[in-house]
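Open the model in your viewer and keep the selection tool at hand. Each stop below says what to select next and what is there.

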Amino acid sequence: MNRAFRTVVALVATATLAAACGSDGDDATPAEESDPVTVTLVSHDSFFVTEDLLLQFTEDTGITVELLPAGDAGEALNQSILSKGNPLGDVFFGVDNTFLSRAVNAEIFSAYESPLLAEIPDELELDPTYQLLPVDFGDVCLNYDVAAYGDATPPSDLADLTDAAYEGQLVVQNPATSSPGLAFLLATIEEFGEEGDYTWRDYWSDLRANDVAVQAGWSEAYYGDFTVGGGGDRPLVVSYASSPPAEVIFADPPIDEAPTAVVEASCFRQVEFVGVLDGTEHESAARQLVDFLLSVPLQEDIPLNMFVFPANENAAIPQEFIDHTVVPTNSKALDPADIEANRERWIEEWTEIVLR
Amino acid sequence: MSRGATLAVAAVPLGFFALFFAWPVASILWRGLNVDGQLDLSVFGDVVADPFMREIGWFTLWQAVVSTGLTIALGLPGAYVVSHFEFRGRRLFRALVTVPFVLPTVVVGTAFLVLFGPAGPLGWDLRQTIWAVLAAHVFFNVSVVIRTVGGAWGQLHPGPEEAARVLGANRLRAFWSVTLPRLVPSLAAASAIVFLFTFTSFGVVLILGGPGLSTLESETYFQTVRYLNLDVAAVLAMVQMLSVVLLLVVQRRLQQRYEGSQRVRSAGQRRRQLANARDRLLVGSVVGVTLILVVAPLLVLVWRSLRVGDGWGLAHYDALDESRRGTTSFVEPIDAVFNSLRFGFGATAIALTVGGLAAVAIARGHGRLARALDTSLMLPLGTSAATVGFGFLIALDSPPLDLRTSAWLVPIAHALVGVPFVIRIVVPALRSVDERLRSAAQVLGASPARVFREVDLPIVSRSLIVAGGFAFAVSLGEFGATSFIARPQYPTIPTAIFRFLGQPGASNLGQAMAMSVILMVLTAVVVLAIDRFRLGEFGEW
């Protein structure tokens, strides 16, 4: 017993030492070149990019990029707000239009009017102070199971969902816990308005009467209740305009046609922004990174990694996206300041109407 | 142990606790509750008066009570069987029921969603009902009852029961009047832990309970992370912490009242071979039912990971190695395993050091300090991970302690959760060392330190290994606390699973399932290895 104990202790001690040494070895830069600048890019957990592009950037500019995922969009932003003045990194990517006002009001970004803004459509530049620059956009739309509808007509807009014909077919996400859920709620608020004969509250009461299912997050809805995703029993789900091409790309075994399609009239536009954090020590390097994020090579890399569309007009879109989905021309949108002012009240009222 | 010695030994754990828990939590609470530098507690009144919040508090409480009751009810037969019978596969059974305890909720949530969904084997749709939540709670925690109560039961000297039977009591009466009171300490300990975990349950309630059910912990998360309403979050966090402290105090009182002097035998001596058909039936049915409860969700994961298109195969496991190589989203499975193991070793080293010293102080130390240390070190289990995570952010933000983006924060956070387990395992072992051995050593001239080194340490060495193994397993599956820390690019297995689950596509889901199975197997191996070392089987675990 003594020997066994001693062996185990020795093993554990060695392993701990190896772990400690190993961790230092891994993240030290190989050779200390003159003046290596490392810029930290704080983002949400869903920021992905092809590594070669980052390496190319380092070769071209001498700037090393370190990625720091910090939770989902709201979490990452709140962390940055809490660390105002002593930022976690140099650049922040991942503020979306629902959080834009909160980010601008918190005064944690420093303005930068990048020359690449010339290549970005004006309608995406939601921040006139240039603290936050648009990088990509996507749409949260209703997805439906093509095969399930067959000859029957799928819903063509939001109002259809309250029809008895579509009873028990829809699954949505809780806007309190899910970004697409919130986007869908905002779409209904934009469509039906806050005042008048038929407001968004009436709409949601009707949806509830029509047996809408609510899940906490996107994956519980898509992989749990949605027919295509996970063998559930509901053929309508709130997801992204890029979900059909994703189904094709990640199909196993491969398929030719997307099993899902998008209801264009239900789409709500989401735009994601990048900004230089105030208080960074590497302002000019940070600005170069922002320029890089807006440049065509990286913009073309975005769709297949993050499943959104590039903001830069000159960036090409992959064929799968062109074949299997549409870029909605008339997506709904709400003023970011309105969203910030009313979000909590809207979510509370929604919870009252739908969940209680 | 003298007061001074207690203080010296407790210095390291106290320092760790103060630096990495008390200070960050106090910082974030202060940020929430201060108005222009003055403490403003008026928000307490608002929150307590709000019917919505009251409902949440009430729901949190009763679902924890019911979950605990159910877990005890379903775990007691298992505890009895494991402590009274010697049968083939006994060790494997005990290891298998422990695996769920350390699995991350994202994995368990998915498994249960499938199990209870319309496409699952049961055919009923129990998702988003309280039943799914309760079932998941039992699944997670039944091992606590089986191990804790089973361990204690196996050590009880059968003398008093035999005396009662001789005096004319029937089996049931003997159990009720003699055995049960003697089991109260371990029942109290098990109930406290199960209640603690179900009271602060977050992932399970979120995923399985659905949007309609909300606990204190999940509401704290929303208020902190989504709305940045730090004042409301502070109130909720404090209410939760106070409840946990209250719980621990009550548990300790119960334990002290019933502990008395138990005649103890090393376990194994109460066990006997299966003698007849009735024994076999009893053991078979208890083991069978418990296994179904525990293993079914795990099997669901395995099943899902092997389903490729319309057929079966190992394609998802192969794909783990190749999918989207060259992008920063690619987590090479071997890297994820390696990272998880590295963080695990780091966390275990910290937890054993801090927890070991704390255990010495608690087991040998005097009075109030020891008790306060015990309660304090349990607090991290009862505090919302969002609070702690954001606390790190604002407290540990200036050199020399700018750890906000350091990889070291991950093992530290894991260790905060692992230390309570180390204490729970090592303290009873320390207490079981026969005082006469120590006195004999002292009489023969050994200094207190030498007595510790040559008498105590060899005896508790096994419990240290068990404690270390537990801390390691907990670290492997930890996801909640680490998800609030801005972590550099060292994805762990739970992180990898979470990434796969965030994208549509059959191969993403399949790979998430494959990684979950890998995690399960790793955990089972660790737990089985721990059990190999538990020959003495003293202690609560």
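**Stop 1: Pro69 of chain A**

Select Pro69(A). Apart from neighbours within four places in sequence, Pro69(A) is in contact with Ser43(A), His44(A), Asp45(A) and Phe47(A). This is a predicted model, so every value on the tour is computed from it. Pro69(A) is part of strand E2 of chain A, which covers residues 63–69.

**Stop 2**

Colour chain A by its domain assignment. Domain 1 takes in 34–137 + 271–310, and domain 2 takes in 138–269 + 328–355. Their C-alpha centres are 28 Å apart. Where they touch, 14 residues of domain 1 of chain A are in contact with 11 residues of domain 2 of chain A. On the domain 1 side, helix H4 (100–106) and strand E5 (133–145) of chain A each supply at least two residues. Which of the elements gives the most to this side? H4(A) does, with three residues. By type, the domain 1 side divides into eight nonpolar, three polar and three charged residues.

**Stop 2: chain B as a whole**

Chain B has 21 helices and six strands. Along the principal axes, its C-alpha atoms fill a box of roughly 65 × 60 × 50 Å. The radius of gyration of chain B is 24 Å, which agrees with the value near 24 Å for a compact globule of 541 residues. Buried residues make up 54% of chain B. Among contacts in chain B with a separation of 6 or more, 84% join residues 24 or more positions apart.

**Stop 3: the nonpolar core**

Show both chains again. The largest nonpolar core has 272 residues. Val91(A), Leu289(A), Ala358(B), Val422(B) and Val426(B) have the most contacts inside this core. Select Val422(B). Leaving aside neighbours within four places in sequence, the contacts of Val422(B) include Ala351(B), Leu352(B), Gly355(B) and Gly356(B). Ala359(B), Ala467(B) and Ala471(B) are also in contact with Val422(B).

**Stop 4: where the chains meet**

Select the residues of each chain that touch the other. How many residues does each chain give to the contact? Chain B gives 50 residues and chain A gives 55 residues. On the chain B side, the elements that give two or more residues include helix H9 (203–209), helix H14 (333–364) and helix H21 (506–532) of chain B. The largest share of this side, five residues, comes from H21(B). The chain B side divides into 26 nonpolar, 20 polar and four charged residues.

**Stop 5: confidence**

Colour chain B by pLDDT. The mean pLDDT of chain B is 82, and 91% of its residues reach 70 or more. Confidence in chain B is highest in helix H3 (residues 51–84) of chain B, at a mean of 91, and lowest in helix H5 (residues 105–116) of chain B, at 77. Finally, select residues 535–540 of chain B. The pLDDT is below 50 over residues 535–540 of chain B, and this stretch has 22 contacts in the model beyond near neighbours in sequence. The model scores ipTM 0.73 and pTM 0.79.

How values were computed: Residues are numbered from 1 along each chain as its sequence is written. Chains are lettered from A and ligands numbered from 1 in the order in which they are written. This is a predicted model: local features need pLDDT of at least 70, side-chain atom pairs count only at pLDDT 80 or more; totals for chains, interfaces and linings use all residues. Two residues are in contact if their C-beta atoms, placed from the backbone, lie within 7 Å. Helices (H or I, at least four residues) and strands (E, at least two) are DSSP runs, numbered from the N terminus. Ala, Val, Leu, Ile, Met, Phe, Trp, Tyr, Cys and Pro count as nonpolar, Asp, Glu, Lys and Arg as charged, and the others, Gly among them, as polar. A nonpolar core is a set of buried Ala, Val, Leu, Ile, Met, Phe, Trp, Tyr and Cys residues joined through C-beta atoms within 7 Å. A residue is buried if 20 or more other C-beta atoms lie within 10 Å of its own, exposed if 12 or fewer, and partly exposed in between; C-beta atoms are placed from the backbone. The radius of gyration is taken over C-alpha atoms; the globule rule is 2.2 Å times the number of residues to the power 0.38. Domain bounds come from an automatic or database domain assignment. pLDDT is the predictor's confidence in each residue, from 0 to 100.
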